[in-house]
Amino acid sequence: MGSRASTLLREEEIEEIKKETGFSHSQITRLYSRFTSLDKGENGTLSREDFQRIPELAINPLGDRIINAFFPEGEDQVNFRGFMRTLAHFRPIEDNEKNKDPSGTEPLNSRTNKLLFAFRLYDLDRDDKISRDELLQVLRMMVGVNISDEQLGSIADRTIQEADQNGDNSISFNEFIKVLEKVDVEQKMSIRFLH
Amino acid sequence: MGWFLLPFDNLLCMLLGISFTVWFTLLLVFIIVPAIFGVSFGIRRLYMKTLLKVFGWATLRIERGAKEKNHLIYKPYSNGIIAKEPMSLEEEIKEIRRSGSSRDLGAASQEFEMSDIFYFCRRGVESIMDDEVTKRFSAEELESWNLLTRSNYNFQHISLRLTVLWGLGVLVRYGFLLPLRVTLAFTGVGLLVVLTSIVGLLPSGRTKNFLSEKVHLMCYRICVRALTAIITYHNSENKPKNGGICVANHTSPIDVIILASDGCYAMVGQIHGGLMGVIQRAMVKACPHIWFERSEVKDRHLVAKRLSDHVEDKTKLPILIFPEGTCINNTSVMMFKKGSFEIGTTVYPVAIKYDPRFAEAFWNSSKYGMVNYLLRMMSSWAVVCSVWYLPPMRREEGEDAVQFANRVKAAIARQGGLVDLLWDGGLKRAKVKDTFKEEQQKLYSKMLVGRENYKPGACIIAHK
C-alpha cells in the first residue's frame with residue numbers, strides 16, 4: 001500500500017488540491033494512498049491498465065467510459081491532480097456551498113458539473129452533442145447482447161424524441177439538463193466519505 | 001612485529017571458541033531441547049508483552065509530536081473509506097427513475113431513462129476510490145506504529161527519543177535476532193532432511209510412523225522458534241484426523257510451519273528443484289506426502305484421484321490444503337477452489353489469524369521473492385498468530401461442491417474475524433472473467449424490456 005503516503009505529497013500541494021477540489025486534508029491523503037496503490041508502475045501517473053485492474057470496475061458495463069473520463073483528450077496518463085479533479089465531481093454538495101456567491105468559478109461538484117460528467121459519458125466524440133448513434137453505442141454497452149438492434153433502436157429514437165427541442169435529432173447539454181431537471185442529481189452522483 | 005601479535009591471535013581464537021560454545025549451549029538448552037519435547041519456557045510470551053507496551057508508547061509519542069506541530073496524522077482505516085449503498089442494481093435504478101419523473105410510475109417502469117447512467121457511473125467511481133479486492137493483495141495498514149520502517153506513514157513526526165528507540169530496535173533485530181533465527185532455521189531444516197532420510201530406511205510399520213511423527217514435529221518446532229512464532233491454538237479437540245482433509249485460509253508459506261508444528265499432515269504440492277526439492281524428497285521417505293510433477297498439476301482428474309486414494313487409506317495422515325490457491329493478506333477469505341471439496345470425505349476447517357502488529361505475515365509474491373520474504377520475517381519482531389480448529393464438516397445432501405466450499409469458507413471467515421468474499425484470489429494476477437460483466441448487463445436489460453424475455457441466469461456474484 002502507499003506506505004509513504006503523507007510524506008511524498010507536500011503540504012503546498014495538498015493545499016492547492018484542497019482549494020481546487022474542496023476535499024479535506026485527510027480525504028486527500030487517503031486518496032493519495034489509493035492512487036499510489038493503483039500505480040503499479042510507480043511513476044506517479046495512472047494508465048488505463050491500472051484502472052482496468054480493479055475487478056469491480058472491470059465488470060461495470062460502462063467501465064471503459066468511466067476510465068476514459070479521467071484522461072484528457074489524447075492523453076494516456078493521468079497524474080494525481082487530474083485524478084483528484086475528476087473525483088471531485090463526486091464530492092457531496094455541502095449546504096454552505098449551495099448559496100455561494102456566483103462570482104467565483106463554479107465548484108467541480110456543482111449540480112451542473114455533475115450533469116456534465118454524465119453527459120460526457122454519453123458523448124463519445126466529445127462534440128457536445130449526443131447523436132442517435134452515440135446513444136445507441138452506449139445503450140449497447142449497458143445491455144450487452146440481451147436486446148435486439150430494433151428494440152434498442154426504438155428506445156434510442158424515443159429518448160431523443162422526448163429530449164430534443166431544437167429538432168437537430170441529437171441532444172445538447174442544455175436539453176440534457178432539461179430532461180433531468182427533476183432527478184436528485186446531488187444525491188445520486190455523490191460519494192460520501194466515512195471520515 | 002609478527003611475534004608481538006601472536007599472543008593476541010591465540011587470545012582471539014580462544015575468545016571466539018569460548019563464545020561459540022556458550023552460544024551453542026544456550027541455543028541447545030533454551031531452544032532446541034524444549035522444541036524436541038514440545039515444552040516452552042514462556043520467554044516468547046514475555047517478549048511479546050514487552051513489545052506491546054513499547055509500541056503503545058511509540059504511538060503516543062507520534063501523536064503527541066504531531067499535535068505539537070498542529071499537523072494531521074495519516075490514520076489508515078481498513079474498513080473502507082467511503083459509504084457504499086447496499087442496494088441492488090434494480091432498486092437503485094428504480095429509485096433514480098422515481099425521483100426524476102413527474103409521472104406516477106407504480107411498480108413497473110420498463111423504459112430507459114437517461115438518468116440510468118448515474119447508477120453505473122457512481123458504482124464505477126466508488127470502485128475507483130475504494131474496492132473490495134485489490135486491497136487484499138497488499139499488506140494491511142496498521143493503526144499504531146510497531147517501530148519497523150516498513151510500516152510507518154508519519155515519518156515527519158518522529159522525535160529524537162523515538163529515533164533512538166527505533167535504532168535500538170534495528171540493532172536488536174538485525175544484530176541479535178536475525179543471526180539467531182537464521183542459525184535455528186538452518187538447524188531445523190538440516191535436521192529435517194537428515195532425520196527423515198534415516199527414518200525412511202526403516203521398514204514400514206508402527207515404529208516408522210511413530211518416529212516419523214516425532215521427527216517432523218521436532219523439526220517444525222525448531223522452525224517455529226526460528227521465526228519467534230507465538231502461536232495460540234484454540235479448540236484442539238477438533239484437530240484433523242486420519243482420512244480427512246484439513247483446509248485453511250492462506251496468508252503465507254509460514255502457515256504450513258504453524259499448522260505442522262502442532263500435528264502431522266500430509267502435504268500436497270508441486271515438486272520443486274533446488275533446496276525445496278531436497279527437503280520434499282527427504283520428507284516423503286518418512287511418511288507419504290503428495291508431491292506432483294509440474295506436468296501432472298494441470299491434470300485435474302489425476303490430482304483428484306491421488307487425493308481420494310490417499311484419504312481412503314485410514315492409516316495415512318490428513319491432507320493439508322489451502323483452497324484459495326494463493327496468498328491473501330489476512331483481512332479476508334477469498335473464493336475456495338472446489339477441487340478439494342469434491343472428494344467425499346470429512347473436511348476439517350482451520351482459521352489462522354495473524355496479529356499484524358508484530359510482523360507483516362502476508363507474502364506479496366509479486367513484490368518479494370521467497371528468500372527476501374523469509375529474511376523480512378526473520379528480521380521482524382515476532383510472528384504472533386491464533387489458530388482455531390473448527391468442528392469437522394461433511395457435504396450435505398443436495399449440496400454441491402461449490403456450496404459446500406462456500407459454507408466452509410463462511411465458517412472460517414466468521415471464526416477468524418475476516419471478510420468473506422466471493423471474488424477469486426486468482427484476480428491477483430489474472431483479469432476478471434467477462435461473465436460477471438455479462439451478468440450486470442443481463443440485470444440491466446431486464447429493467448428495460450421486462451422479465452418475460454429472459455431465462456433466469458444464475459447470478460454468480462451478488463453485486464449489492
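Predicted model: local features only at pLDDT ≥ 70, side-chain atom pairs only at ≥ 80, totals over all residues.

**Salt bridges, strands and a contact between chains**

Let me start with the charged pairs: over all chains, the structure holds 32 salt bridges, where a salt bridge is a side-chain nitrogen of Lys or Arg within 4 Å of a carboxyl oxygen of Asp or Glu. Residues are numbered from 1 along each chain as its sequence is written, chains are lettered from A and ligands numbered from 1 in the order in which they are written, and side-chain values use heavy atoms, with hydrogens and water left out.

A:Arg91 forms a salt bridge with A:Glu94, and their closest N and O atoms are 3.2 Å apart. What is the relative accessibility of A:Arg91, and is this residue buried or exposed? A:Arg91 counts as buried because its relative accessibility is 5%, and buried means under 20% relative accessible area, whereas exposed means over 50% and partly exposed lies in between, with a 1.4 Å probe and protein chains only. A second pair is A:Arg140 with A:Asp149, whose closest N and O atoms are 2.6 Å apart; here A:Arg140 is partly exposed because its relative accessibility is 26%, and A:Asp149 is exposed because its relative accessible area is 55%.

In chain B, the side chains of B:Lys305 and B:Asp309 meet in a salt bridge at 3.0 Å, N to O. Both residues lie in helix α10 (residues 300-312) of chain B, four residues apart, which is about one turn of the helix; helices are DSSP runs of H or I with at least four residues, strands are runs of E with at least two, and they are numbered from the N terminus. Salt bridges that share partners also join A:Glu16, A:Glu20, A:Arg81 and A:Arg85 into one network.

Next, the strands of chain B, whose secondary structure comes to 14 helices and nine strands. Of the 464 residues of chain B, 48% count as buried. Where do the side chains of strand β8 (residues 383-389) of chain B point? B:Val383, B:Cys385, B:Val387 and B:Tyr389 point one way, while B:Val384, B:Ser386 and B:Trp388 point the other way, and all of these residues are buried.

Two strands pair if DSSP finds at least two bridges between them. Strand β1 (residues 229-234) of chain B pairs with β8(B) in the parallel sense over six bridges, and the partner of B:Ile230 in β8(B) is B:Val384. On the other hand, β7(B) and β8(B) pair in the antiparallel sense over five bridges, with B:Ile352 bridged to B:Val387 in β8(B). Strand β7 (residues 347-354) of chain B is also joined to β2(B) by four bridges, and these two strands run parallel; B:Ala248 has B:Val350 as its bridge partner in β7(B). Finally, β2(B) pairs in the parallel sense with strand β5 (residues 319-321) of chain B over three bridges, and the bridge partner of B:Cys246 in β5(B) is B:Leu320.

My last topic is how the two chains meet. How many residues does the contact take from chain A and from chain B? The contact, meaning heavy atoms within 4.5 Å, takes 63 residues from chain A and 63 residues from chain B. Chain A and chain B bury about 6000 Å² between them, 68% of it on carbon and sulfur atoms, where buried area is the accessible area (1.4 Å probe) that two parts lose on being put together, summed over both. On the chain A side, A:Glu56, A:Ile59 and A:Lys188 lose the most area to chain B, together 13% of what that side buries. Across this interface of chain A and chain B the rule finds two salt bridges, and the side chains of B:Asp131 and A:Arg34 meet in a salt bridge of 2.9 Å, N to O.
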